Amino acid sequence: MRSNSVKNDYKALPAKYRRFYDMVAAVIPPSQLLIDPFKTLAFGSDASFYRLIPKIIIKTTRSDDISHILRTASQLTIPVTFRAAGTSLSGQAVTDSILVLLAGAWKKYTIHDNGERITLEPGVIGAEANRYLAPFGRKIGPDPASINSCMIGGIAANNASGMCCGTAQNSYKTVESMKIIFADGTMLDTGDHASRRSFKESRKELIKELENIRNEINGDRGLRDRIAHKYLIKNTTGYSINAFLDYSDSIDIILHLLIGSEGTLGFNAEITYKTVAEHTHKASALIIFPDIASACRATIILKKQPVAAVELMDRASLRSVENKPGLPPFLKSLSQEAAALLVETRADDPAALREQTTTVRNSLASLPTVFPVSFTDKKEEYENLWDVRRGLFPAVGGARKIGTTVIIEDVAFPIESLADATVELEHLMRLHGYAEGIIFGHALDGNLHFVFTQDFGLPEEVRRYQRFMDDVAAMVVQKYDGSLKGEHGTGRNMAPFVELEWGEKAYGLMRRIKKAFDPLNVLNPDVMLSANPTVHLENLKPLPQTHDLVDQCIECGFCEIKCPSRNITMTPRQRIILQREISRLKTTHEDAMRLGRLEEDYVYQGEQTCAVDGLCSTACPVSINTGELTKRLRSLKNTARGVRIAQWITDHYPLTLAGMRAALKTANAVHAIIGTPLMSGLAKGIRALSLNRVPLWTPSMPKGISSPKFNTLMTGSDRKVVYFPSCIVRTMGPAKSDNDQRPVFEAMLSVLVKADYDVLFPKAMERLCCGLAFESKGLFSQAAKMSKELEEAVLECSNNGEYPILCDTSPCLSRMRTAFTSKLKLYEPVEFIHTFLMDRLDFRRAPETVALHVTCSSTKMGLAEKFWAVAEACAEKVVIPAKVGCCGFAGDRGFTHPELNASALADLKPSLPADCRRGYSNSRTCEIGLSHHSGIPYQSIVHLVDKNTSGKLPPPSGFPQGDRKPII
Ligand SMILES: Cc1cc2nc3c(=O)[nH]c(=O)nc-3n(C[C@H](O)[C@H](O)[C@H](O)COP(=O)(O)OP(=O)(O)OC[C@H]3O[C@@H](n4cnc5c(N)ncnc54)[C@H](O)[C@@H]3O)c2cc1C
């Protein structure tokens with residue numbers, strides 16, 4: 001960011017915040033303090049329908065920083081909000097004051113007692129924690145549907161739960177200890193005796209007040225019973241005051257009050273959980289009932305059966321997903337009243353599982369079902385059924401009108417009232433004009449979600465929402481004594497209703513709790529408890545139209561963990577937020593200067609550092625590929641000169657490749673003469689002098705190869721394959737330090753010949769390219785021209801699609817699959833080897849450890865498991881570093897924006913075991929960055945397969961024994 005802007009942004013802060021900034025900057029590096037309007041806007045949203053723009057964002061990494069921030073905030077009475085993954089739905093992770101970010105840090109963990117317990121820092125993602133525990137057959141208790149994205153800090157602070165954990169395995173029930181930092185900056189480690197003792201001494205007032213509250217509750221039978229009763233079902237409305245019933249020691253009470261406190265009582269710097277068993281054998285049944293009442297009656301029966309999850313879906317829910325591929329066709333023919341339960345049972349072995357499914361089936365024998373109850377234990381089938389359930393929220397979100405918000409509410413009822421309450425909820429939704437809404441939920445815990453769309457752009461619409469929520473609150477609380485929030489947290493969304501739900505007495509105690517912990521009200525004010533009765537109707541998030549490719553985004557943030565630029569610039573969610581604001585400013589003409597600055601900053605932050613890998617779409621509930629948006633934006637920016645150059649390149653492709661080979665050869669020759677240290681220094685210097693216009697050279701740079709000739713290889717085999725070596729592979733050979741000094745196509749041909757394949761090459765190979773490099777720069781017509789020529793060539797060569805077509809570079813093959821219109825059998829190397837060669841070659845598992853990098857294109861094509869299987873056939877130990885996703889090399893972006901590649905691969909080297917000496921992937925350019933940042937050479941997996949296989953058949957005629965090398 002420009003230094004003048006920094007000064008201006010600083011000056012624009014209110015005086016108190018400038019003071020805060022100065023005091024914090026004395027301890028935390030200014031690079032971790034963000035005040036520019038671009039970043040503050042980008043971080044102004046969580047997954048809820050509220051938006052508040054922070055004044056200062058602080059990226060923290062250490063407990064001492066948190067203490068200092070909180071002490072300073074208390075001194076100046078400035079509010080502070082913590083943000084983990086920002087997937088909260090009730091507005092508890094947004095603020096217009098100080099936003100403290102965990103993302104990218106706080107990732108340490110320790111496993112104890114064979115996985116029985118785990119200590120986690122709050123930045124660990126829930127699914128990561130489960131990956132660490134998987135080898136022990138354990139997992140953490142809480143299981144929110146957002147577990148692949150949300151972090152431990154948010155899971156504990158929201159007391160999040162999901163389909164299986166119910167009220168028995170949530171954070172409240174499974175927490176063992178916590179390190180807490182309070183508003184005054186003091187720290188308590190509840191797992192440490194000395195810390196407990198000294199805290200009791202130093203915070204006498206807090207301890208005294210908690211003891212008073214405990215004694216008052218215990219002395220009031222009515223209140224005690226009410227609290228106990230309310231936690232029989234899921235409840236995250238207000239503070240976890242069951243802590244006063246369940247524990248008598250004040251430190252234990254503090255520990256459990258912190259759970260579900262949404263960052264309003266203290267900061268959780270570390271938590272230790274007791275873990276729960278992860279059963280390996282599962283079976284599921286989708287049971288259709290004639291009406292919702294029967295489904296709810298079945299739930300009451302199932303509560304006593306060996307079931308792990310029971311999910312209720314109303315008719316509207318089923319209708320919203322009935323057209324999804326792979327779903328049972330009978331969904332469409334169900335009656336208007338039908339409802340479904342999706343039931344899962346889990347066991348440690350197949351016999352126990354069989355027994356359980358029988359028990360569950362028998363238990364329902366007296367109830368009417370539309371079809372006989374039938375369980376499946378086939379993973380593919382039950383995953384398909386669970387996809388029905390997972391697809392519900394996105395189904396409504398994806399189908400909504402542009403500009404409207406999708407709202408998911410989260411109430412809970414005593415299970416005996418579930419049937420009546422569901423019918424009444426349906427009625428209220430229709431009454432208030434939310435007829436498109438759906439109801440589903442965790443029936444075992446009486447927890448229902450209802451999802452509907454809402455336009456917050458019009459005051460009358462806001463009033464309609466208000467009337468609806470007032471009626472829902474009255475119905476849930478007054479009629480059924482239910483919970484207004486079962487698992488998503490109170491946030492600012494339910495803060496005005498906490499007193500209604502809990503009554504004056506319990507609400508008064510909650511206010512005393514808040515005051516005792518945070519007397520100056522600096523921790524996330526207006527969240528959980530608020531004196532403002534309309535706080536839930538203020539700061540509603542605008543969702544203006546921007547681009548058809550991303551307008552359906554619900555800003556849930558699931559994409560963020562997949563994005564290689566998340567730790568240096570923007571995430572996909574933030575790119576969309578920024579584009580929405582840019583579009584809004586363009587339409588309203590409200591502030592030309594602000595618009596200009598956002599557009600200018602977007603160039604690097606949003607566009608240039610997007611790897612366009614599209615991996616974000618794999619995590620997005622509505623499958624948005626923000627990379628496509630970036631390509632679209634690039635295409636709008638391409639100059640006439642740039643387009644002419646691109647056109648020239650496509651018209652003179654052989655010359656272009658020759659030029660690239662010559663450049664690589666020259667660099668390699670200079671490298672050989674002057675050595676690596678001097679060459680690296682020289683390359684960095686030249687790049688700096690060119691203001692980063694000259695691509696960065698690294699020692700992992702490939703050598704240029706001499707122009708290869710590809711001659712058809714016919715040995716009379718009845719197996720034929722068309723082989724298209726990508727233009728990258730035809731240009732870039734091995735790097736100096738690579739183990740196998742052959743280009744990829746030589747290794748590929750060696751494998752094909754060993755497997756007794758005839759190999760055909762498309763004509764005029766030197767002209768051919770899939771067009772990916774052009775497409776990623778938004779040069780769509782040039783990309784289309786190249787892919788069309790390639791398609792025609794492989795179509796002809798494959799005898800109109802009769803033979804399989806193999807491309808050795810995964811991203812290119814993926815591009816061919818999307819760009820080609822003819823029906824062709826297209827394979828990248830892993831899939832080809834896995835499909836055709838596993839039986840035709842003898843594999844040797846070498847006693848070595850190899851690292852794998854599954855490219856984004858392979859991930860999107862669903863090839864990760866095949867990748868693993870092929871590598872495992874060749875090496876005794878295979879590792880895929882779990883924290884490494886897209887490498888961020890993105891074709892040529894690794895040369896022009898190496899910082900993107902460096903940031904994306906920051907976790908690679910520390911994740912590799914010491915005995916791992918080689919890495920494998922299936923994209924030559926990705927391998928350059930992987931080698932550079934891992935310190936071990938990465939090459940194509942084809943090299944590994946060639947090294948560790950031999951042919952089963954005698955050599956083909958024309959290839960004498962011991963000379964299987966094809967002629968190139
Ligand atoms: C599509 C979708 C599905 C969801 N499904 C579920 C579900 O099934 N069950 C469920 O319970 N929730 C669900 N959620 C809501 C949300 O994902 C979870 O509650 C999640 O646990 C929030 O975690 P986070 O890392 O995103 O936290 P954030 O949203 O970043 O923060 C949550 C709260 O924790 C506070 N906080 C964060 N870190 C700390 C810390 N270290 N110390 C103290 N306070 C802290 C924040 O201030 C905030 O109040 C869903 C959300 C979406 C978008």
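Predicted model: local features only at pLDDT ≥ 70, side-chain atom pairs only at ≥ 80, totals over all residues.
Reader: Is helix 4 largely enclosed by the rest of the structure or largely open, and how many of its 14 residues are buried?
Author: Helix 4 covers residues 63–76 and reaches 20 Å from its first C-alpha to its last, close to the 20 Å expected at 1.5 Å a residue. Its buried residues include Asp65, His68, Leu70 and Leu76. Helix 4 is largely enclosed by the rest of the structure, because the number of its 14 residues that are buried is ten.

Reader: Which strands and which helix do the buried residues of helix 4 pack against?
Author: Among the residues in question are Ile66, Ile69 and Ala73, each of them buried. Their partners, taken for the buried residues of helix 4 together, are strand 2 (56–59), strand 3 (80–83), strand 4 (98–101), strand 8 (175–181), strand 10 (267–274) and helix 2 (15–25).

Reader: What is the geometry of the aromatic pair formed by Tyr10 and Tyr21?
Author: The count of aromatic pairs comes to 28. In the pair of Tyr10 and Tyr21, the ring centres lie 5.5 Å from each other and the angle between the planes is 70°, and since planes over 60 degrees apart count as edge-to-face, the pair is edge-to-face.

Reader: Where do these two tyrosines lie, and does Tyr21 count as buried or exposed?
Author: The pair links distant parts of the chain, with Tyr10 in helix 1 (residues 3–12) and Tyr21 in helix 2, eleven residues apart. Tyr10 has 23% relative accessibility and therefore counts as partly exposed. Tyr21, at 12% relative accessibility, falls under the 20% cut-off and so counts as buried.

Reader: What is the arrangement of the rings of Tyr723 and Phe761?
Author: Tyr723 belongs to strand 19 (residues 720–724), whereas Phe761 belongs to the loop between strand 21 (758–760) and helix 30 (772–776), 38 residues apart. Tyr723 counts as buried at 0% relative accessibility, and Phe761 likewise counts as buried at 8%. Because their centres are 5.8 Å apart and their planes stand at 45°, the pair is tilted.

Reader: Which residue lies over the face of Trp502?
Author: Charges over rings include that of Arg203, whose charged end sits over the ring of Phe182, 5.7 Å from its centre. Over the face of Trp502, at 5.3 Å from the ring centre, lies Lys230.

Definitions and conventions. Residues numbered from 1 in each chain as written. Heavy atoms only, no water. Helix = DSSP H or I, 4+ residues; strand = E, 2+ residues; numbered from the N terminus. Expected span 1.5 Å × (residues − 1). Buried < 20%, exposed > 50% of the residue type's maximum accessible area, 1.4 Å probe, protein only. Contact = heavy atoms within 4.5 Å. Phe/Tyr/Trp six-rings, centres within 6.5 Å; stacked < 30°, edge-to-face > 60°. Lys NZ or Arg CZ within 6 Å of the ring centre and 35° of its normal.
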